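Please look over the sequence and the 3D structure shown here. The report below takes up the chains one by one, along with the contacts they make.

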Amino acid sequence: MEAAKKRGMQSVAFENPPVLASWAAVVGPKEGEGPWAKDFDWIFDDYSIGEKTWEKAESKMLRETVKLAISKGNYQSRDIEMMLAGDLLNQIVATSFAAREIGVPLLGLYGACSTMAESLALGAMLVDGGFFNRVSASACSHHHTAERQFRFPTEQGIQRTPSSQWTATAAGAVILDRLGSGPRITCATLGRVIDLGQSDSADMGSAMAPAAVNTIKTHFQDLQRPVNYYDLIVTGDLGKVGMAVAQQLFVKEGIVPQPNYSDCGVLLYDDSQGVDSGGSGCGCSACMLCGPLLKKMVEGKLNRLLLVATGALMSPTTQHQGETIPAIAHAVAIENQ
Amino acid sequence: MVPLYMAFLVGGALCLIGQLIMDLTKPGITPGHILIGYITGGAILSGLGLYQPLVQIGGAGATIPLSGFGHLLTQGTLKAVEQKGILGVFSGGVEAAAGGIVAAVVFGYVMAVIFNPKG
Amino acid sequence: MGASEKLHKIEVKEYDQLVQTVKPKPAVLKNCFWAFVVGGAICVLGQIIANYAISQGMGKTDASTTTSIIMIFLGAFLTGLGVYDEIGQRAGAGSIVPITGFANSIVASAMEFKREGYVFGVGARIFSIAGPTLLFGFVTAVLIGLIKILLKG
């Protein structure tokens with residue numbers, strides 16, 4: 001039997017679009033000083049969150065965010081039948097150690113900064129496919145753990161360039177339910193790995209822009225939606241540089257999104273916060289979605305949102321080996337129905 | 001003794017060159033590469049007899065940048081070669097730089113014990 | 001080279017051209033100014049220390065070694081306090097090139113990986129950034145020594 005829910009080349013449409021029943025967004029100090037501070041559930045005022053290592057802090061942040069989303073929906077932990085989550089650390093340890101405390105089955109994911117969309121898409125497929133009734137989809141990142149793993153020790157005197165990005169210390173979690181009311185995930189487009197030869201790991205936006213544009217173009221084609229279908233199309237973390245590149249690519253491909261296109265990495269921080277090109281990390285798109293964006297959907301200011309989270313799939317090893325940066329972008333459509 | 005303004009000018013100039021390399025070359029050229037370039041460059045210029053004049057006019061402006069460390073290694077090696085021949089090739093550089101290396105290791109350890117990274 | 005590979009190469013080149021037109025360039029003049037000023041200032045401090053050591057009767061070599069040790073201590077201490085990285089963001093090469101930057105890289109690595117214990121954390125990682133510098137310094141000096149012997153003999 002043909003895959004009845006497949007659309008076009010890379011997309012799926014849900015027969016009974018799963019509901020985003022509840023959600024939570026938790027952030028660190030810098031994000032808490034940004035323009036959306038009042039839309040986040042909790043703001044931690046130091047990077048250690050009372051833990052001895054930053055890795056423990058990141059894991060705690062993810063765990064508490066998932067637990068908060070669960071309690072906001074008036075669920076018990078055991079009501080959540082599956083946890084889908086990911087982060088940037090080697091062997092996604094922040095996720096595994098967080099899941100250890102929550103005690104539900106875990107599907108750990110790695111999509112770099114595209115993980116939030118990846119977990120939402122997969123979670124929606126599990127629910128709409130009749131496999132589970134209720135799942136949680138989440139992602140997190142922490143500035144210091146990313147810095148010490150991918151770049152330099154945090155006290156090293158390096159000079160950031162104007163095209164570099166700041167890994168967000170943030171986590172976002174969503175509970176997807178087969179039943180209930182709220183915004184729904186109606187469809188998703190899963191991205192291919194795209195590599196156009198960029199190798200500057202301090203400017204991942206330029207590496208990821210082609211993947212984002214490719215996924216968005218494929219999404220429009222597969223679902224036969226016009227470029228003005230969504231109230232807002234938002235990419236995960238292309239940053240100012242990546243966003244400018246993407247805007248040129250949109251024109252080239254003839255798919256300039258209307259009326260609004262923006263990027264979580266650009267939105268998350270204020271210009272005065274010294275983050276150069278903008279935010280990055282799994283937590284960037286996760287907290288923007290689970291904070292300001294879903295809030296606007298509930299208030300009816302946004303009715304159709306396309307979240308296109310983008311990931312740069314390199315490692316420090318491949319960087320040292322002189323490899324380029326392959327990238328991926330996954331899109332999920334969230335709509336008020 | 002070298003006047004302070006000469007130390008400022010020579011030291012500043014050496015750092016300026018490093019900054020230009022950082023800003024104008026591909027992102028693949030990291031600060032680590034630049035430091036290796038400095039220590040190697042200092043060592044080679046020293047071997048050619050070109051670094052000592054810079055030390056004479058710039059004083060600390062030439063010895064404090066990492067190229068000065070390369071100069072130290074080369075001069076130590078050359079002196080030891082004169083005195084001991086081939087044995088000096090291996091021992092001379094480290095002997096001259098011993099104070100600095102041990103200081104780096106010991107202070108590194110002590111600071112790591114006392115302090116925690118703040119990010 | 002196959003047709004699709006050729007096409008991909010053109011795509012890559014065109015895309016890079018697009019990126020270079022959009023990507024902001026570093027503020028070279030401003031960076032160079034600060035690198036010059038901070039680097040120069042650090043060297044002046046070194047000169048003051050060296051001058052003092054000589055005035056206390058130390059020979060030139062010992063004065064130089066003493067200066068290095070004190071500067072390394074300063075770089076290490078400022079790193080421990082969490083201040084050196086702030087200086088580095090503004091000063092760039094002005095804080096990386098002097099020997100204080102060498103100390104900074106050693107201490108930063110050691111502090112960071114303390115969480116992984118003293119043997120595999122501090123011990124193994126303390127030279128992760130300074131190590132390559134010393135390696136190439138030693139190798140170059142040895143090569144120069146060998147060349148001298150060949151030229152003499």
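## Chain A: two domains

Into which domains is chain A divided? There is domain 1, residues 16–177, and domain 2, residues 184–335. Keep in mind that this is a predicted model. The centres of the two domains of chain A, taken over C-alpha atoms, are 18 Å apart.

Domain 1 and domain 2 of chain A touch each other. Each side brings residues to the contact: 51 from domain 1 of chain A and 51 from domain 2 of chain A. On the domain 1 side, several elements of chain A supply at least two residues each, including strand E3 (19–27), helix H1 (29–32), helix H4 (115–128) and strand E7 (134–141). Helix H5 (143–150), strand E8 (165–167) and strand E9 (170–177) of chain A also supply at least two each. H4(A) gives the largest share of this side, with 7 residues. By class, the domain 1 side has 30 nonpolar, 14 polar and 7 charged residues.

## Chain A: overall shape

Chain A holds 10 helices and 15 strands. Its C-alpha trace spans about 55 × 50 × 35 Å along the principal axes.

How does the radius of gyration of chain A agree with that of a compact globule? A compact globule of 337 residues would come near 20 Å. Chain A has 18 Å, which agrees.

Start with a general point. Most residues other than glycine have a negative phi, and most peptide bonds are trans.

Chain A has a cis peptide bond between A:Gln258 and A:Pro259, with omega about -15 degrees. A:Pro259 lies in the loop between helix H7 (239–253) and strand E12 (261–263) of chain A. A:Gln91 sits in the loop between strand E5 (82–86) and helix H3 (93–102) of chain A.

## Chain C: helices

What makes up the secondary structure of chain C? The count is 8 helices and 0 strands. Along the sequence, the pattern reads α-α-α-α-α-α-α-α.

The C-alpha atoms of chain C fill a box of roughly 75 × 50 × 40 Å along the principal axes. A compact globule of 153 residues would have a radius of gyration near 15 Å. Chain C, however, has 22 Å.

Helix H5 (66–84) and helix H6 (86–114) belong to chain B. H5(B) and H6(B) pack with their axes 7 Å apart, at an angle of about 135 degrees. That angle makes H5(B) oblique to H6(B). The crossing of these two helices is right-handed.

Which residues meet here? From H5(B), they include B:Phe69, B:Leu72, B:Leu73 and B:Gln75. From H6(B), they include B:Leu87, B:Gly88, B:Val89 and B:Ser91. The contact of H5(B) with H6(B) has 9 nonpolar, 9 polar and 3 charged residues.

## Where chain B meets its partners

How many residues of chain A and chain B take part in their contact? Chain A brings 9 residues and chain B brings 5. The chain A side has 4 nonpolar, 3 polar and 2 charged residues.

Now turn to chain B and chain C. Here 62 residues of chain B are in contact with 61 residues of chain C. On the chain B side, H1, helix H2 (31–47), helix H4 (60–63), H5 and H6 each supply at least two residues. H6(B) gives the most, with 16 residues. By class, this side of chain B has 39 nonpolar, 21 polar and 2 charged residues.

One pair of helices to look at is helix H1 (residues 4–24) of chain B and helix H2 (residues 28–55) of chain C. Their axes come within 6 Å and cross at roughly 140 degrees. H1(B) is therefore oblique to H2(C). The crossing of H1(B) past H2(C) is right-handed. The residues of this contact divide into 16 nonpolar, 8 polar and 1 charged.

Notes:
Residues are numbered from 1 along each chain as its sequence is written. Chains are lettered from A and ligands numbered from 1 in the order in which they are written. This is a predicted model: local features need pLDDT of at least 70, side-chain atom pairs count only at pLDDT 80 or more; totals for chains, interfaces and linings use all residues. Axes are lines fitted to C-alpha atoms, for helices over the stretch in contact, and angles run from 0 to 180 degrees between N-to-C directions. Helices (H or I, at least four residues) and strands (E, at least two) are DSSP runs, numbered from the N terminus. Angles under 35 degrees count as roughly parallel, over 145 as roughly antiparallel, 65 to 115 as roughly perpendicular and the rest as oblique. A crossing is left-handed if the near helix is turned anticlockwise from the far one by less than a right angle, and right-handed if clockwise. Ala, Val, Leu, Ile, Met, Phe, Trp, Tyr, Cys and Pro count as nonpolar, Asp, Glu, Lys and Arg as charged, and the others, Gly among them, as polar. Two residues are in contact if their C-beta atoms, placed from the backbone, lie within 7 Å. Domain bounds come from an automatic or database domain assignment. The radius of gyration is taken over C-alpha atoms; the globule rule is 2.2 Å times the number of residues to the power 0.38.
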